[in-house]
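Please keep the sequence and the structure in view while reading.

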Amino acid sequence: MSDKKLGFGLMRLPLSDPDDAASIDMELTKKMVDTFIERGFTYFDTAWMYCGFKSENAAKECLVDRHSRDSYTLATKLHAGFLKNKEDRDRIFNTQREKTGVEYFDYYLLHDIGQDHYQIYNRLDCFQWLKEKKEQGLVKHMGFSFHDNARLLDQVLTEHPEMEFVQLQINYLDWDSSAIQSRLCYEVAVKHGVPVWVMEPVKGGTLAQVPEAVEHMFRAQNPAMSVPSWAIRFAASLDNVKMVLSGMSSMEQLLDNTGYMADFQPLTQEEMEMVHRAADMINGGIAIPCTGCSYCTDGCPKKIAIPKYFSLYNADKQEIKEKGWTPQGEYYDRLTASFGKASDCIACGQCERACPQHLPIIRHLRDVAGHFGK
């Protein structure tokens, strides 16, 4: 891994059809991968189910088949939701090697540890299994991604000191969140001496489109810096953070990110204080803190486009009242031609069990249905 702190997250790749997560625009992705490497960055992060289970295939076609093995590092993950027995571990791992075309993974993670998944990983002896993969040379570094409270993270790191890194959701909006506990989890990792990889630094795009007052504050501080740059630089400025992953879905995003991260300068104390002020301003206006990871949609019996609806609802709630007509209602109506309506929710709870943010999705869907169903 190079000493550059920016990683290319292959979860929100450019799509030819925005309503089909598997419709990856391969030609644009190839150009983005090439540019990322040309600019001196090396870390790529994929997972079994990203982009409708096609992200690992895209990693092969856009990265592995076109670049020498010593020019990049590749990370992927094993997700508890797809494990029924011990045989599934090797079946998935071997398929991942085929899909990506690599002999070994530089980084391999047990994906999305929370109370429920931790029990599965322990019951199926996945920590020992991953250790054996490392001993066999099939994995160079082993870690896990985590979505739960700081107390559980402390337990996991205490019980599994062999883990070499932990991937946490850290951004300035969630830093002091009682639900996400970004700061508390970061402090646990520091206490255990375990380096941190950061996911969701821009919170699924939320911190790329901030309220006008926040944008003005950022521009006044440094007109050359983009709005999302403050979010990524906030995470990268933390001493124990070694890698910040950004899911880049356009060349514009990639050029911006690699531009200011090529010669990364940590935020000053004054800038840190300003970013925390921005969080207070933004938190006052976000109705549903969804990151758009789409874990909730895979098993939805009504095929409701949950993250898309939440995004529209948040956007509509942040519109100034004087504006009158807003476009979000039309977008919602158009989406309901392809997906279930928010009001179609049968409250089965599948989405809430899958949500790494632990959002009360059923209640939020009722809010959305009431808002756009007028």
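This is a predicted model: local features need pLDDT of at least 70, side-chain atom pairs count only at pLDDT 80 or more; totals for chains, interfaces and linings use all residues.

A residue counts as buried when its relative accessible area is under 20%, as exposed when that area is over 50%, and as partly exposed in between. By this rule Phe53, with a relative accessible area of 31%, is partly exposed.

Eight strands form a closed barrel, in the order β1-β2-β3-β4-β5-β6-β7-β8, and their pairing is parallel. From one strand to the next the twist averages 30°. In general, the strands of a sheet pair through backbone hydrogen bonds, and the pairing is either parallel or antiparallel.

Strand β3 covers residues 73–79 and strand β4 covers residues 105–113; the two pair in the parallel sense over 5 bridges. Within this pair, Lys77 stands opposite Leu109 in β4. Helix α4, residues 87–100, packs on the sheet and touches β3, β4 and β5 (139–146). The direction of helix α4 makes about 130° with that of β4. Elsewhere, helix α1 (residues 26–38) lies across β1 (6–9) and β2 (43–45), and runs at about 170° to β1.

Next come the aromatic side chains. A search of the whole structure gives 25 aromatic pairs. One of them joins Phe53 and Phe82: the ring centres are 5.6 Å apart and the planes stand at 80°, over the 60 degrees required, so the pair is edge-to-face. Phe53 belongs to helix α2 (residues 50–53) and Phe82 to the loop between β3 and α4, so the contact ties together parts that are 29 residues apart in sequence. Phe82 is partly exposed, because its relative accessible area of 27% falls between the two limits. Another group, made up of Tyr172, Trp175, Tyr186, Phe218, Trp230 and Phe234, forms one aromatic cluster.

Charged side chains also meet rings. Arg69 lies over the face of Tyr104, at 4.1 Å from the ring centre. The charged end of Lys133 sits over the ring of Phe93, 5.2 Å from its centre.

The cysteines remain. How many disulfides does a search of the whole structure find? The search finds 0. For Cys296, the nearest cysteine sulfur is that of Cys290, 6.3 Å away, whereas a disulfide needs sulfur atoms within 2.5 Å; therefore Cys296 is in no disulfide. Cys296 is buried, with a relative accessible area of 7%. Cys126 is buried as well, with a relative accessible area of 0%.

Key: Residues are numbered from 1 along each chain as its sequence is written. Side-chain values use heavy atoms; hydrogens and water are left out. Two strands pair if DSSP finds at least two bridges between them. Helices (H or I, at least four residues) and strands (E, at least two) are DSSP runs, numbered from the N terminus. Axes are lines fitted to C-alpha atoms, for helices over the stretch in contact, and angles run from 0 to 180 degrees between N-to-C directions. Contact means heavy atoms within 4.5 Å. Rings of Phe, Tyr and Trp (its six-membered ring) pair if their centres lie within 6.5 Å; planes under 30 degrees apart count as stacked, over 60 as edge-to-face and the rest as tilted. Buried means under 20% relative accessible area, exposed over 50%, partly exposed in between (1.4 Å probe, protein chains only). A charge sits over a ring if NZ of Lys or CZ of Arg is within 6 Å of the ring centre and within 35 degrees of the ring normal.
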